[in-house]
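Subject: Structure handover

Hello,

Here is the structure I promised to pass on. Please open it first, then read my notes below.

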Amino acid sequence: MDKYGLIGFPLGHSFSISYFNQKFQDEGIDAIYENYEISTIDALDEILSSNPNLRGLNVTIPYKEKVMPYLDHISPEARAIGAVNVIKVIHEGNDVILKGYNSDVIGFTKSIEPMLDSKWHKKALILGTGGASKAIDFGLRNLGLETVFVSRFERQGTIQYQNITPEIIREYNVIVNCTPLGMYPKTEVCPNLPYEAMDSHTILYDLIYNPDETLFMKRGAEYGAQTKNGLEMLLLQAFASWEFWHEK
């Protein structure tokens with residue numbers, strides 16, 4: 001039986017494990033998907049050695065960047081993004097070859113593109129600076145948008161939340177939340193933004209999918225903003241993962 005899995009820490013509820021095991025059951029695929037919660041990326045070697053039937057892995061926080069030195073091949077797109085969230089595991093005799101890809105950018109761009117209007121949507125704010133935010137930045141720029149990262153801390157090439165004015169919100173009217181703010185169970189929090197400056201041309205896209213509607217989305221919707229959560233992106237990522245593992 002082939003194995004696939006997810007590495008990260010902490011994992012908690014995993015969309016991937018439920019999605020893939022249901023897929024395997026529905027399609028009669030002789031495979032299983034497991035979670036590998038590891039407290040250090042060094043544990044990857046042990047996972048590989050103790051699971052000879054492992055054919056592929058998904059990678060989540062905090063290892064999308066840390067896993068890259070362990071890989072034998074990295075796709076040009078993943079290298080340009082600087083983060084990997086899909087690994088194809090190839091067994092050649094006693095050797096294990098690891099190929100890294102990024103499905104975040106595929107899932108995100110396919111999900112947000114129908115919402116964009118080139119007349120109105122030219123600039124975007126990316127909330128957060130982690131591995132996922134790099135893929136979001138890559139995707140938005142490929143779609144023709146100018147991007148700026150928003151951080152809590154003073155970092156080169158970023159702006160801070162306290163410096164975001166209503167004028168910036170109206171100019172950078174595509175806003176993507178790549179932070180965990182508002183994720184279950186802490187649903188009563190959201191990024192600190194001047195929501196009152198938003199209108200029907202504002203797009204709020206939240207990578208969070210639990211709850212279905214985050215406070216970030218609710219507050220924007222009160223002023224007419226278009227909103228979307230990360231569930232469709234996750235589904236599209238899962239499709240892309242399967243294709244990478246089977247090189248379609």
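Helix H1 has 13 residues and reaches 18 Å from its first C-alpha to its last. That is close to the 18 Å expected at 1.5 Å a residue, where the expected span is 1.5 Å times one less than the number of residues. Helices (H or I, at least four residues) and strands (E, at least two) are DSSP runs, numbered from the N terminus.

Before going on: this is a predicted model, in which local features need pLDDT of at least 70, side-chain atom pairs count only at pLDDT 80 or more, and totals for chains, interfaces and linings use all residues. Residues are numbered from 1 along each chain as its sequence is written, and side-chain values use heavy atoms, with hydrogens and water left out.

Back to H1. Its buried residues are Phe15, Ser16, Tyr19, Phe20, Lys23 and Phe24. Buried means under 20% relative accessible area, exposed over 50%, partly exposed in between (1.4 Å probe, protein chains only). Down the helix axis, the buried residues of H1 fall within an arc of 145 degrees, so they line one face. The arc is taken from the directions from the axis to the C-beta atoms. They pack against S1, S2 (31-37), S3 and helix H8 (231-245). The face turned away from that buried side carries exposed Gln25 and Asp26. Just after H1, Gly28 has a positive phi of about 65 degrees.

Next, the cores. A nonpolar core is a set of buried Ala, Val, Leu, Ile, Met, Phe, Trp, Tyr and Cys residues joined through side-chain atoms within 4.5 Å. The largest has 21 residues, and Ile7, Val67, Val84 and Ile87 have the most contacts inside it. H2 (44-50), S3 and S5 (86-92) each supply at least two residues of this core. Val67 touches Ile7, Ile41, Leu44, Val59, Val84 and Ile87, not counting residues up to four places away in sequence; contact means heavy atoms within 4.5 Å. A second, separate core of 19 residues includes Val150, Ile168, Phe216 and Ala225.

Two cis peptide bonds to look at. One runs from Phe9 to Pro10, with omega near -10 degrees. Pro10 sits in the loop between S1 (2-8) and H1 (15-27). Another joins Ile61 and Pro62, with omega about 5 degrees. Pro62 is in the loop between S3 (54-59) and S4 (73-74). Most peptide bonds are trans.

Last, Gln160. Gln160 is in strand S9 (residues 158-160) and is buried, at 4% relative accessible area.

Best wishes
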